[in-house]
Amino acid sequence: MESFLNRYRNITILLMVILAQLVLVAFQVKNDRDVRMIRVWTVTAVMPVARIVEALRGGSSGLIRNYVLLHDAHEENRRLQAEVGRLKMENIDLKNQLGMADRAKALAVFQSHTPSRTVVATVTGIGAGTNSKMVFVDRGSVSGVQRGMAVVTPDGIVGKVITAYPAASAVLLITDPDFAAGVVSQKGHVHGTLKGQGTPICRVDYVPFEEKVEPGEWLYTSGDDRVFPRGFPVGVVKVVRSAQPFKEILVDPSGMARGLEDVLILVEGVHQEIPDTPPVNQSVFIGTPPSADTMKPPDSPGNAAPGAPAGTEADRLRAQYKNIGDAQGHKFGEGTPGSKPPDFNLKLPGPVGAPASKPAVPPGGASHP
């Protein structure tokens, strides 16, 4: 190193002098923004190093925060997420169980009221094909199910069994184009044939144009097809169009309105009477409301004395204020601004709310203390 400096001493001195001059010039010269050049050079030279140092510091602090300080927090977060997922699954399972319990209760009530002998079945699958209108249930010939038996729900008819296996059955739904069943209207007892169209809406054929069928009218099974007993709900008439020789009638079936999960297979069908009113409009017994005396105990402070007006405590208080105003000759709603209001602290004789007589005024029109 010493030999190198001795060899290039002149050049080294020259470079040092030039560098010193540049530093002095940098101290004195400023750029167009009034910043000394020495500061500009220093910041420019130091900034890359500062960036590297800051990146190393941020990375090390993030490493410490994520893998040391927040290690337990991440574990707790993952545990809570897993717990939330488990609770969601339990909630869905409980809702399904509640729905199954409600459906089972509805089926049990329906079974207890219908004279037909039924078998409860659960839908386990649907037929193959995009336009399939067939489902499979978990009851078959072992349970007494045979081909041609009717399938219903508490809301209405669903279809009929087309194949009975030992432990399962295939059910053709009423929306299938191959399905047909005899129906009768509720009001005029007009007979027709219900047919599927491959859509949620069915149609009724063979109703003469002179027969009267109105939209909103309920249809019931007629029993003519010898599959469905008479008197089971079918659906509501949505559209009635006049045509020759038969009317064009569209029906919204009610049996599948709430979905298909549990159904009833009629092992022994019994005819029923067609009700006079639709299922949703049948009368419901409502008892008479209890009297006011039975709703309050005898020693209740709200009980009015004999002769007092009936009603709530607010009604009795309003009657008391009105009597006080009448006793002082005050007419509510007619007082002019600035007029003297009635004295509601006045005690009236008799029970609360009872009509009170005006206080006696001494002769001369003035009262003496």
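Leu 22 counts as partly exposed, because its relative accessibility is 43%. The model used throughout is predicted.

**Exercise 1. Find which residues touch the most other members of the largest nonpolar core, and trace the contacts of Ile 157.**

Step 1. Take the core of 25 residues. Val 152, Ile 157, Leu 194 and Val 204 touch the most other members.

Step 2. Helix 4 (71–113) gives two or more residues, and so do strands 3, 6, 8, 10, 11 and 12.

Step 3. Separate the other core. A second core has 14 residues, among them Ala 121, Val 137, Val 145 and Val 171.

Step 4. Follow Ile 157. Beyond four places in sequence, its contacts include Val 152, Leu 194, Phe 228 and Thr 221.

**Exercise 2. Decide whether Thr 221 is buried or exposed, and find what its side chain reaches.**

Step 1. Thr 221 lies in strand 9, residues 218–221.

Step 2. Buried means under 20% relative accessible area. Thr 221 has 0%, so it is buried.

Step 3. Its side chain reaches the backbone oxygen of Pro 229 at 2.5 Å.

Step 4. Contacts of Thr 221 beyond four places in sequence include Ile 157, Val 183, Pro 229 and Phe 232.

Technical notes. Residues are numbered from 1 along each chain as its sequence is written. This is a predicted model: local features need pLDDT of at least 70, side-chain atom pairs count only at pLDDT 80 or more; totals for chains, interfaces and linings use all residues. Side-chain values use heavy atoms; hydrogens and water are left out. Buried means under 20% relative accessible area, exposed over 50%, partly exposed in between (1.4 Å probe, protein chains only). A nonpolar core is a set of buried Ala, Val, Leu, Ile, Met, Phe, Trp, Tyr and Cys residues joined through side-chain atoms within 4.5 Å. Helices (H or I, at least four residues) and strands (E, at least two) are DSSP runs, numbered from the N terminus. Contact means heavy atoms within 4.5 Å. A polar contact is a pair of N or O atoms within 3.5 Å; within protein, one must be able to donate a hydrogen and the other to accept it, and residues adjacent in sequence count only if both atoms are side-chain atoms.
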